[in-house]
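Could you look this model over with me before we talk? I've jotted down some points to go through with the structure open.

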Amino acid sequence: MNKRFRSCAMLAAVLLFAAPGADAADVAHILWKDLRPATQAVAEDANLPMIAAKLPDHGETLSLNLQDKTIQLAGYALPVDRDGDLVYQFLLVPWTGACSHMPTPPPNQIVLVTPAHPYKMKETYEPVAVTGVLKPGMEKSQLFILDGVSIVQSGYTVRRAGVASVDSVPDTVTLPVNSPWNFLNKRKN
């Protein structure tokens, strides 16, 4: 009986850990532009950094055609909930410095990510790829930054996400040459 219980427990654990990921053929590899309406200005058109105030809808128009689909998106991780180097929740943003050093991107360019397992982060704004089920919907998060608390609104969530470190983000927004935060791009890319 004990062996049977262990076998069932092991099978349940394997199924539980396999659930967040999907078959590689079922994963849609998306870019940041896929999260905003086709008619919305891109960062370069809105004089970087793109901020919600510059957009007619304040960046609250979300892409519903990706709802409940398993996606993979690369971006930069900004911790929301952490204990030392273990991160339990983070914001995935399209460029380094977003939300803490520079104006916040529009909500449809921010994803609130809860990893399936705590992610061991080496540094803030670490480039990562997130895989999981995308859920559109506005959520507010509190960010604790050097000069106080900031409330950031994200347009999407991915819970029980697979998170992997990557070398670069294919569609990253490059900061202007005169940006005081340009050193972040040099370190990351």
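Here are my notes, point by point.

1. Ground rules. This is a predicted model, in which local features need pLDDT of at least 70, side-chain atom pairs count only at pLDDT 80 or more, and totals for chains, interfaces and linings use all residues. Residues are numbered from 1 along each chain as its sequence is written, and side-chain values use heavy atoms, with hydrogens and water left out.

2. Confidence. The score here is pLDDT, the predictor's confidence in each residue, from 0 to 100. The protein has a mean pLDDT of 78, with 70% of its residues at 70 or more. Among the elements, helix α1 (residues 2-18) has the lowest mean, 37, while strand β4 (residues 111-115) has the highest, 98. Helices (H or I, at least four residues) and strands (E, at least two) are DSSP runs, numbered from the N terminus.

3. The start of the chain. Over residues 1-21 pLDDT stays under 50, and the model has six contacts for this stretch beyond four places in sequence. A contact means heavy atoms within 4.5 Å.

4. Strand pairing. Two strands pair if DSSP finds at least two bridges between them. Strands β6 and β7 pair in the antiparallel sense over 14 bridges; look for Leu 143, whose bridge partner in β7 is Ser 150. Strands β2 and β6 also run antiparallel, joined by eight bridges, and there Ala 74 has Ala 129 in β6 as its bridge partner.

5. Salt bridges. Side chains of opposite charge can pair when their charged atoms come close. The rule used is a side-chain nitrogen of Lys or Arg within 4 Å of a carboxyl oxygen of Asp or Glu, and the count comes to four salt bridges. One of them joins Lys 120 and Asp 85, at 3.7 Å from N to O. That pair links distant parts of the chain, 35 residues apart: Lys 120 sits in strand β5 (residues 119-120), and Asp 85 in the loop between β2 (70-83) and β3 (86-93).

6. A pair across two strands. Which side chain meets Glu 139 in a salt bridge? That's Arg 159, with 2.6 Å from N to O. The two lie 20 residues apart, Glu 139 in strand β6 (residues 126-145) and Arg 159 in strand β7. Both get the label partly exposed, Glu 139 at 26% relative accessibility and Arg 159 at 40%. For these labels, buried means under 20% relative accessible area, exposed over 50%, and partly exposed in between (1.4 Å probe, protein chains only).

7. Glu 126 forms a salt bridge with Lys 122, their closest N and O atoms being 4.0 Å apart.

8. Backbone angles to check. Tyr 125 isn't a glycine, yet its phi is positive, near 65°. You'll find Tyr 125 in the loop between β5 and β6, and it is buried, with a relative accessible area of 2%. Arg 160, also not a glycine, has a positive phi of about 55°. Arg 160 is in strand β7 and counts as partly exposed at 39% relative accessibility.
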